[in-house]
Amino acid sequence: MSNFVFRFATVSGQSIHWFLKRNCSVTPSQLGWLYASLCVVSLGVGTVFWLHGAPMVLPFAWIELVAVGFAFVLYARHATDGERIALQGGRLVVELENGGHYERTEFLPHQVRIEPQASDRSLIEVSGQGRSVKVGRYVRPELRAALAREIRMALRGA
């Protein structure tokens, strides 16, 4: 299959891969550096105020850093979420990662159904052999139908 046919997929040899990821502007490592610099600044200001006779600023700085740290951990936990769909070696492999939870499901291409769950803008249900997986969380709702058509087209060519 030629590469120009696919909008969402990457073709390499006989394999076709779809990588659907969350759009994150900051990676977890960048977030760690940002948090470390925030800690240095906030604790530095709190220490200066504590040395000048305002002892309550430092405990509030710690409370602030714990709250911001908690929010950053929640963000970082989901920053690498994504869906990988691969058509290779006579199998359709769907891998989902959400908050550190990993799920992998394999299907035989000739026994797979690809269809929207409820409407054209809903998630795409990949089902077959008694198993079902929903994909398309990281694709805009109006593009999910195009993604489903693309997967169906690749399966027909397999």
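Biologist: Happy to look at this predicted model with you. Is Val57 buried, partly exposed or exposed, going by its relative accessibility?

Modeller: The relative accessibility of Val57 is 31%. Buried would need under 20% and exposed over 50%. The value for Val57 lies in between, so the residue counts as partly exposed.

Biologist: Thanks! Which helix holds Val57, and which helix gives the most to the nonpolar patch?

Modeller: The patch covers about 320 Å² and is made by Val41, Val45, Phe49 and Val57. Val57 has its place in helix α2, residues 57–79. The helix that gives the most, with three residues, is α1.

Biologist: Let's turn to the sheet. In what order do the strands of the open sheet of three stand, and which of them stand at the edges?

Modeller: The pairing in this open sheet is antiparallel, and the order is β6-β7-β8. β6 (113–116) and β8 (131–135) each have a single partner strand, so one side of each lacks a neighbour in the sheet. On average, neighbouring strands are turned by 25° against each other, direction ignored. The edge strands are therefore β6 and β8.

Biologist: Good. What is the bridge partner of Arg113 in β7?

Modeller: β6 and β7 (residues 124–128) pair in the antiparallel sense over four bridges. In β7, the partner of Arg113 is Ser127.

Biologist: And which helix packs on this sheet, and at what angle to β6?

Modeller: The helix is α3, residues 144–157, and it touches β6 and β7. Its direction makes an angle with that of β6 of about 170°.

Biologist: Which residue forms a salt bridge with Arg137?

Modeller: Arg137, at 38% relative accessible area, is partly exposed. The closest N and O atoms of the pair are 2.9 Å apart. The partner lies in strand β3, 54 residues away from Arg137, and is buried at 2% relative accessibility: Glu83.

Biologist: One more, please: which residues are linked with Arg104 in a network of salt bridges?

Modeller: Arg104 and Glu95 meet in a salt bridge of 2.8 Å, N to O. Arg104 is partly exposed at 44%, while Glu95 is buried at 15%. The residues linked with Arg104 in the network are Arg91, Glu95 and Glu106.

Terms used: Residues are numbered from 1 along each chain as its sequence is written. This is a predicted model: local features need pLDDT of at least 70, side-chain atom pairs count only at pLDDT 80 or more; totals for chains, interfaces and linings use all residues. Side-chain values use heavy atoms; hydrogens and water are left out. Two strands pair if DSSP finds at least two bridges between them. Helices (H or I, at least four residues) and strands (E, at least two) are DSSP runs, numbered from the N terminus. Axes are lines fitted to C-alpha atoms, for helices over the stretch in contact, and angles run from 0 to 180 degrees between N-to-C directions. Contact means heavy atoms within 4.5 Å. Patches are made of residues with over 30% relative accessible area and no salt bridge: like charges are joined within 9 Å, nonpolar side chains (Val, Leu, Ile, Met, Phe, Trp, Tyr) within 5 Å. Accessible areas come from the Shrake-Rupley method with a 1.4 Å probe; for residues, only the protein chains shown count as cover. A salt bridge is a side-chain nitrogen of Lys or Arg within 4 Å of a carboxyl oxygen of Asp or Glu. Buried means under 20% relative accessible area, exposed over 50%, partly exposed in between (1.4 Å probe, protein chains only).
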